[in-house]
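I opened this model to take notes on contacts, packing and surface. My entries follow.

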Amino acid sequence: EEQKIIHVLNRLGFGARPGDVEKVKAIGLQKYIDQQLSPASIPDSLAENKVKSLEVFGMTTAEVFAKYPNPGALLRQLEGGRQAQANARNQNNPTAAPADDQQMTERDRRERQQKLRELYQKYDLRPANQMLPQIVSNRVLRAVYSERQLQEVMVDFWQNHFNVFAGKAAVRWYIPSYERDVIRKNALGNFRDLVVGTAQHPAMLFFLDNFESVSPNSQQPGGNGRLQQALGSVNLTPQMRERIKANQGLTDAQLDDRLGRLRQAQNRPRRGL
């Protein structure tokens with residue numbers, strides 16, 4: 001009987017903790033399994049108390065972005081003024097030695113860091129690198145202390161199956177909502193809801209770069225397809241030039257200008273579908 005209980009604890013959860021075998025033996029193996037399949041029926045105050053200080057899981061995505069701002073965005077705001085000062089210095093002293101530039105750059109860097117610290121303190125902000133430790137701690141603490149062991153095993157399973165990478169740009173800001181509102185909510189629920197939820201969540205959309213998806217046959221904005229194809233030709237014959245000029249009512253200068261603008265547009269990265 002104990003071997004059966006340990007086997008179930010290993011398969012439905014993260015293993016047997018002290019006292020777990022006795023607890024399952026007291027309520028019966030089948031009842032324990034039935035309870036694990038209905039996690040909402042299991043009180044889980046100990047695990048909830050362990051994770052209540054991990055504030056990102058109690059925030060909306062907008063609140064996470066506001067409380068844990070992207071340091072690069074803050075730096076870019078600050079560097080608007082810094083860059084203007086640097087340009088002015090270069091104009092006033094174009095022969096400045098590289099060592100002076102390096103010294104000034106280091107001083108600017110220290111000033112920016114100090115300004116960032118002041119902003120974080122003034123507005124009670126948090127460094128963005130504090131989010132990932134909270135995400136990891138939430139998973140580990142729940143795996144260790146939660147009575148809803150099957151729920152946590154399935155959250156871990158689906159999180160890996162529908163994986164997103166926290167180290168990719170803005171993905172980390174979306175993960176608390178992704179885990180709370182999609183993975184955890186549907187871990188033991190309807191599979192279709194889980195698939196649709198993961199596919200439509202910003203964490204997955206951003207991770208897969210869906211906003212950059214482009215059909216290889218998509219046309220550039222403006223103009224009709226045949227004209228674009230003709231204008232995009234590397235070598236227009238004199239006859240082709242004359243025919244385009246006549247059809248479009250263009251001068252040679254206007255045609256050359258349009259050719260230049262079209263080729264610039266074709267060289268730019270294309271936007272999404």
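This is a predicted model: local features need pLDDT of at least 70, side-chain atom pairs count only at pLDDT 80 or more; totals for chains, interfaces and linings use all residues.

**Entry: contacts of Tyr178**

I left aside its neighbours within four places in sequence. Tyr178 is then in contact with Gln159, Phe162, Val164, Ile183, Thr198, His201, Ala203 and Met204.

**Entry: nonpolar core**

Next I looked up the largest nonpolar core, which has 36 residues. Tyr178 is among those with the most contacts inside it, along with Tyr68, Met131, Trp158, Val164 and Trp173. Helix 10 provides the largest share, seven residues.

**Entry: helix 1 against helix 3**

I checked how helix 1 (residues 2–12) sits against helix 3 (residues 29–36). Their axes come within 11 Å and cross at roughly 10°. Angles under 35 degrees count as roughly parallel, so helix 1 and helix 3 are roughly parallel to each other. From helix 1, I listed Lys4, Ile5, Val8, Leu9 and Leu12. They meet Leu29, Tyr32, Ile33 and Gln36 in helix 3. By class, I noted seven nonpolar, one polar and one charged residues in this contact.

**Entry: whole chain**

I found 15 helices and zero strands. Of the 273 residues, 33% are buried. I took contacts between residues at least 6 apart in sequence, and 69% of them join residues at least 24 apart. The accessible surface comes to about 17500 Å². Carbon and sulfur atoms account for 52% of that surface.

How values were computed: Residues are numbered from 1 along each chain as its sequence is written. Side-chain values use heavy atoms; hydrogens and water are left out. Axes are lines fitted to C-alpha atoms, for helices over the stretch in contact, and angles run from 0 to 180 degrees between N-to-C directions. Helices (H or I, at least four residues) and strands (E, at least two) are DSSP runs, numbered from the N terminus. Angles under 35 degrees count as roughly parallel, over 145 as roughly antiparallel, 65 to 115 as roughly perpendicular and the rest as oblique. Contact means heavy atoms within 4.5 Å. Ala, Val, Leu, Ile, Met, Phe, Trp, Tyr, Cys and Pro count as nonpolar, Asp, Glu, Lys and Arg as charged, and the others, Gly among them, as polar. A nonpolar core is a set of buried Ala, Val, Leu, Ile, Met, Phe, Trp, Tyr and Cys residues joined through side-chain atoms within 4.5 Å. Buried means under 20% relative accessible area, exposed over 50%, partly exposed in between (1.4 Å probe, protein chains only). Accessible areas come from the Shrake-Rupley method with a 1.4 Å probe; for residues, only the protein chains shown count as cover.
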